[in-house]
Amino acid sequence: MHTTTARAPGPPSIPYAHRAATVALTALAPASWGTTYVVTTELLPSGHPLFAGMLRALPGGLLALAITRVLPRGDWWWKAVVLGALNIGALYPLLFVTAERLPGGVAATLGAAQPLMVAGLAVALLHDRPTAWRLAWSVLGVVGVGLVVLGPQAGLDAVGVVAGLGGTAGMAAGIVLTKRWGLPTGVGPLTLTGWQLTAGGLLLLPLTVAIEGAPPSIDAGAAAGYLWLGSVGGLIASTLWFRGLGKLPVGASAPLVLLSPLVAAAIGIALGESLSLLQTLGFALALAALLAAQLNVPARGRPAEPAEGPGIREDQLHDDELRE
């Protein structure tokens, strides 16, 4: 038995206030992910990226399943595993490896390349040619982030760079596949998040035991760090992110990941770092790129893309997953 996937296109336009609220809620996810670097380096025990990734994913995924009480059906079993592997199982440990081996600025800049990766994959999988407007601003966003966080003292550890690019590419593929597959009828973002967090966490569990062995010693600071990353940076952020992916065009949602390095930079400023004039200009450029990407400027000869994507319908974005 195969579950039907809803692919009805959204309305041609939605009120500006509605769209702005959707963008703002979706942006909370990458903003919270920007705290990963400081939490990892300041609170978590080093050398256990698999354990950190598993603990960030599995408890939240099981909690979401307990709340929604909805399991995948038909081909959504393997789709949930694929999305969980890309968005969670590969991303989380690679993110922690990157945070441990690279300065936060370098790691953040690698993540800022995600909109460009999404644009390339969207051409292949969604047949969605990005407008020159969004492509140009995606490039400028990476440049802006680079000006903020890179400097002459930035270290480039090869393993860290490969891990950062691998995690970024995996999540980019997850974004595009989430948009392509949509959601089964009657399933909401919390359910999809639970499937992915559980699948990713279960994939990491045996790897964690086999490679890292016994869990590290966890003090009060580490417990607080894991709790933050698993709740706000895991279950809550992922639910908001997948909700936004269903309501926004892929070209508008992907640039929101620029918030992650910008939040990381802002945390550095709050901890006493100062910005040079060049860094300030880069910060402004990255913010301008993020905002400009939300403007629906069509390519010449093409109609403007719909304000809502084809995957998750409006009526799926409420609490229908709590129906049972």
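Reader: Which residues form the nonpolar patch on the surface?
Author: In this predicted model, the nonpolar patch on the surface is formed by Leu116, Leu135, Val139 and Val143, which together have about 280 Å² of accessible area.

Reader: And which helix gives the largest share of that patch?
Author: That is helix α7, spanning residues 132-149, from which 3 residues of the nonpolar patch come.

Reader: Where does Val139 sit, then, and why does it count as partly exposed?
Author: Val139 has its place in helix α7, and it counts as partly exposed because its relative accessibility is 41%, a value in between the limits of under 20% for buried and over 50% for exposed.

Reader: Switching to the inside, how many residues has the largest nonpolar core?
Author: The largest nonpolar core has 47 residues, and those with the most contacts inside it are Val118, Ile175, Leu192, Trp195, Trp241 and Leu256.

Reader: Take Trp195; what does it touch?
Author: Leaving aside residues up to four places away in sequence, Trp195 touches Leu65, Val70, Leu71, Pro72, Trp76, Ala80, Pro184 and Val187.

Reader: What does the second, separate core include?
Author: That second core, separate and made of 12 residues, has Val39, Leu50, Leu58 and Tyr226 among them.

Reader: One more residue: is Thr36 buried or exposed, and where is its place?
Author: Thr36 is buried, because its relative accessible area is 0%, and its place is in helix α2, which covers residues 36-42.

Reader: Which residues does Thr36 touch?
Author: If residues up to four places away in sequence are not counted, Thr36 touches Arg56, Leu95, Phe96 and Leu229.

How values were computed: Residues numbered from 1 in each chain as written. Predicted model: local features only at pLDDT ≥ 70, side-chain atom pairs only at ≥ 80, totals over all residues. Heavy atoms only, no water. Core = buried A, V, L, I, M, F, W, Y, C linked by side-chain atoms within 4.5 Å. Buried < 20%, exposed > 50% of the residue type's maximum accessible area, 1.4 Å probe, protein only. Contact = heavy atoms within 4.5 Å. Helix = DSSP H or I, 4+ residues; strand = E, 2+ residues; numbered from the N terminus. Patch = residues over 30% accessible without salt bridge, like charges linked within 9 Å, V, L, I, M, F, W, Y side chains within 5 Å. Areas by Shrake-Rupley, 256 points an atom, 1.4 Å probe, with all protein chains shown as cover. Salt bridge = Lys/Arg side-chain N within 4 Å of Asp/Glu carboxyl O.
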